[in-house]
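We will go from one selection to the next.

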Amino acid sequence: MRALARRMLAGDLKPWELTFRIHQRYGHELSLTERLAELDDEYDILEYGDRTVDQVDAEVTAEARRLAAHPRVPTDPRGIPGVGDQGNSRSR
């Protein structure tokens, strides 16, 4: 998801493409991308609401910036302080 957000910010994806891909992949299940899924729904109802494409695009861009800046969580537990750390008091 971070890579997709960065691609959108670099101009490789349009805002609606980012929301569509995120929504398809994660649905509304992942809190980190929930707002992008909601914005994808908003693109679908633009003709019935009072928002413009530019307004939704601007909010998608803000969410993409937030995602791109989100700190990465290491997948290896040894990269998390206190987990698997041989120096902590419990492992002695």
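## Start inside H2

Select Ile-22, which sits in helix H2. This is a predicted model, so treat each stop as a feature of a prediction. Is Ile-22 buried or exposed? Its relative accessibility is 0%, and buried means under 20%, so Ile-22 counts as buried.

Now show what surrounds Ile-22. Setting aside neighbours within four places in sequence, Ile-22 is in contact with Met-1, Leu-4, Gly-27, Thr-33 and Leu-36. Pick Leu-4 from that set and draw a C-alpha to C-alpha distance. Ile-22 and Leu-4 are 18 residues apart in sequence, and the distance in space is 8.3 Å.

## Zoom out

Colour by secondary structure. The protein has four helices and zero strands. Along the sequence the pattern reads α-α-α-α. Of the 92 residues in the protein, 29% are buried. Residues 24 or more positions apart account for 45% of them.

## Helix H1

Select residues 2–9, which form helix H1. Which residues of H1 are buried? They are Arg-2, Leu-4, Ala-5 and Met-8. Turn the view to look down the axis of H1. The buried residues fall within an arc of 160°, so they line one face of the helix.

Then step past the end of the helix to Gly-11. Gly-11 follows H1 and has a positive phi, near 95°.

## H1 against H4

Show H1 and H4 together. Their axes are 8 Å apart, and the helices pack at an angle of about 130°. H1 and H4 are therefore oblique to each other. H1 passes H4 in a left-handed crossing.

From H1, select Arg-2, Ala-5, Arg-6, Met-8 and Leu-9. From H4, select Val-60, Thr-61, Ala-64, Arg-65, Leu-67 and Ala-68. Colour this set by class. The contact of H1 with H4 has seven nonpolar, one polar and three charged residues.

## H2 against H4

How do the axes of H2 and H4 cross? They come within 9 Å and cross at roughly 60°. H2 and H4 are therefore oblique to each other. Their crossing is left-handed.

Pick out the side chains again. On the H2 side are Pro-15, Leu-18 and Thr-19, which meet Asp-57, Val-60 and Ala-64 in H4. The residues of this contact divide into four nonpolar, one polar and one charged. Val-60 and Ala-64 were also on the H4 side of the contact with H1.

## The loop between H2 and H3

Go to the loop between H2 and helix H3 (34–44), and select Thr-33. Thr-33 has 0% relative accessibility, so Thr-33 counts as buried. Which residues does Thr-33 touch, not counting those up to four places away in sequence? The answer is Met-1, Ile-22, Tyr-26 and Leu-67.

Not counting residues up to four places away in sequence, His-28 touches His-23, Glu-34, Ala-37, Glu-38 and Asp-41. Draw a distance to Glu-38.

## Helix H3

Select H3 and show its buried residues. They are Leu-36, Ala-37, Leu-39, Asp-40, Glu-42 and Tyr-43. The cover over them includes H2 and H4.

## Last stop: after H4

Finish at Arg-72, in the segment after H4. Is Arg-72 buried or exposed? With 70% relative accessibility, Arg-72 counts as exposed. Now draw a C-alpha distance from Arg-72 to Arg-2. These two residues are 70 apart along the chain, and their C-alpha atoms are separated by 9.2 Å.

Technical notes:
Residues numbered from 1 in each chain as written. Predicted model: local features only at pLDDT ≥ 70, side-chain atom pairs only at ≥ 80, totals over all residues. Heavy atoms only, no water. Buried < 20%, exposed > 50% of the residue type's maximum accessible area, 1.4 Å probe, protein only. Helix = DSSP H or I, 4+ residues; strand = E, 2+ residues; numbered from the N terminus. Arc of directions from axis to C-beta. Contact = heavy atoms within 4.5 Å. Axes fitted to C-alpha atoms, helices over the stretch in contact; angles between N-to-C directions. Parallel < 35°, antiparallel > 145°, perpendicular 65-115°, else oblique. Left-handed = near helix turned anticlockwise from the far one by under 90°. Nonpolar A, V, L, I, M, F, W, Y, C, P; charged D, E, K, R; others polar.
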